[in-house]
Amino acid sequence: MNAPLNEQFLTLQEIVAAARRNLAPGPWSYLVGGAETETTVRRNRLALDAIAFRPRVLRDVSSIDASADFFGRKIRLPVMLAPIGGLESIVEGGAAASARGAAAFGVPQMLSSVCQPGLEATAAAADTVRVFQLYVRGDDAWVDDHVKRALDHGYAAFCFTVDVAMYSRRERDLIGRFVKPWRATAPAGSNYQSGLSWDQVKRYKDRHPDFPLIIKGIATVEDAQLAVQHGVEVVYVSNHGGRQLDHGLGSAAVLPEIVRAIGGRAQVWVDGGFMRGTDIVKAIALGATTVGLGRLPCLGLAAAGVPGLVRTLEILENEVQTCLGLLGVTSFAELTPQHVTAAPPVGEHGVFSAFPLLGDPSGTATT
Ligand SMILES: Cc1cc2nc3c(=O)[nH]c(=O)nc-3n(C[C@H](O)[C@H](O)[C@H](O)COP(=O)(O)O)c2cc1C
């Protein structure tokens with residue numbers, strides 16, 4: 001009989017190693033890969049590794065509260081499971097499994113519109129705090145239909161992901177000839193949401209003023225300003241985990257200037273390379289409200305299904321609490337930009353450089 005998960009997995013590094021063992025080459029490459037040279041993927045980690053802490057000591061940190069607020073609901077950590085298309089190729093049950101893990105631990109899930117089992121069945125699978133992300137591949141009536149269904153099924157907000165005008169060239173998938181069911185209609189380099197513009201954002205806000213809108217995939221101050229001018233509630237800083245435009249900046253590198261430019265007029269969320277408790281703490285210190293986790297929860301699901309996801313989040317929480325205590329704060333509210341500073345990064349930067357002890361599990365395109 002296998003040991004309980006809290007004995008099997010003491011570190012996130014062991015979760016990554018188990019996921020690597022369990023996933024077939026196609027889904028593994030789909031999960032870990034990025035676009036073209038994967039420079040944006042590496043810069044996500046580089047940007048986080050170029051931030052160091054400035055700890056304060058001799059403060060009573062005997063009781064630490066790492067919880068946060070998410071659209072008025074208390075969540076256990078300021079993190080959210082980012083939307084993942086094709087989760088069903090990573091874990092049995094797909095989005096329903098991730099919803100169950102999110103609910104069991106106590107963090108929100110953002111469901112992708114290109115994920116099974118879909119909006120209604122995922123909502124029915126678990127009592128999560130949830131939001132819905134749509135790729136706009138239909139007309140206005142089609143969008144409104146999704147908004148209505150999301151409202152009817154208890155989703156707390158709606159999201160447009162806007163960094164997929166073209167479907168990118170993911171070369172691990174191409175070389176490995178990995179074809180997902182929905183890829184048949186979106187080959188690499190093809191139009192995906194190429195007609196989407198700020199007009200649709202305006203239309204959404206005019207039509208659905210009370211259903212908060214998240215714009216995911218903002219990477220510049222200029223677009224962050226435009227999003228605020230359009231009245232969006234959340235500016236979600238993201239480069240899609242380095243899976244869309246290659247040679248972009250790391251998300252953590254652009255976060256501070258966007259936070260400054262927005263000045264509290266909207267929430268700022270961020271994702272891209274956030275794998276460790278220290279990464280979460282850095283983002284919140286720099287002014288983010290919520291951190292999206294993309295690949296990490298998937299690795300937990302691949303390692304050991306729903307309990308593996310819960311275990312991943314437990315270890316992450318332990319890392320967060322350890323970091324907060326060592327910084328001399330007892331909650332995220334006490335964190336300030338003074339707790340971080342720029343520093344020369346050390347070592348390699350890649351999708352797995354947050355897990356250096358077990359060797360590089362990223363593999364090549366065909367392994
Ligand atoms: C396998 C996979 C599928 C993804 N599918 C979607 C998607 O359907 N919609 C979306 O907005 N973002 C999607 N993303 C991007 C994530 O939501 C998130 O922005 C990114 O993974 C964050 O970077 P991280 O993986 O380094 O945490 C996907 C990412 C991965 C790894």
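## A cis proline and a positive phi

Pro 117 sits in the loop that joins strand 5 (109-112) to helix 6 (119-125); helices (H or I, at least four residues) and strands (E, at least two) are DSSP runs, numbered from the N terminus. The peptide bond leading from Gln 116 into Pro 117 is cis, and its omega is near 10°.

This is a predicted model, in which local features need pLDDT of at least 70, side-chain atom pairs count only at pLDDT 80 or more, and totals for chains, interfaces and linings use all residues. Residues are numbered from 1 along each chain as its sequence is written, and side-chain values use heavy atoms, with hydrogens and water left out.

Another loop to visit runs between helix 8 (171-176) and helix 9 (198-207), and Arg 177 is found there. Arg 177 has a phi near 55°, a positive value in a residue other than glycine.

## Around the ligand

Which residues are closest to the ligand? They are Pro 83, Ser 112, Thr 161, Asp 271 and Gly 273, out of 21 residues that surround the ligand (a residue counts as near if one of its heavy atoms lies within 4 Å).

Now for some polar contacts, meaning pairs of N or O atoms within 3.5 Å. The side chain of Asp 271 places an N or O atom 2.6 Å from an oxygen atom of the ligand. For Tyr 135, a side-chain N or O atom is 2.8 Å from a ligand nitrogen atom, and for Gln 133 a polar side-chain atom lies 2.9 Å from a nitrogen atom of the ligand. On its own the ligand has 600 Å² of accessible area, and the protein covers 98% of that (areas come from the Shrake-Rupley method with a 1.4 Å probe).

## Helix 2 against helix 13

Two packed helices are described by the angle between their axes and the distance between the axes. The axes of helix 2 (residues 12-22) and helix 13 come within 9 Å and cross at roughly 175°; axes are lines fitted to C-alpha atoms over the stretch in contact, and angles run from 0 to 180 degrees between N-to-C directions. Helix 2 is therefore roughly antiparallel to helix 13 (angles over 145 degrees count as such).

## Helix 3 against helix 13

Helix 3 (residues 25-32) also meets helix 13 (residues 295-327), with axes that come within 10 Å and cross at roughly 155°. That makes helix 3 roughly antiparallel to helix 13. In this contact (heavy atoms within 4.5 Å), Trp 28, Leu 31 and Val 32 of helix 3 meet Arg 295, Cys 298 and Leu 299 of helix 13.

How values were computed
Angles under 35 degrees count as roughly parallel, over 145 as roughly antiparallel, 65 to 115 as roughly perpendicular and the rest as oblique. A polar contact is a pair of N or O atoms within 3.5 Å; within protein, one must be able to donate a hydrogen and the other to accept it, and residues adjacent in sequence count only if both atoms are side-chain atoms.
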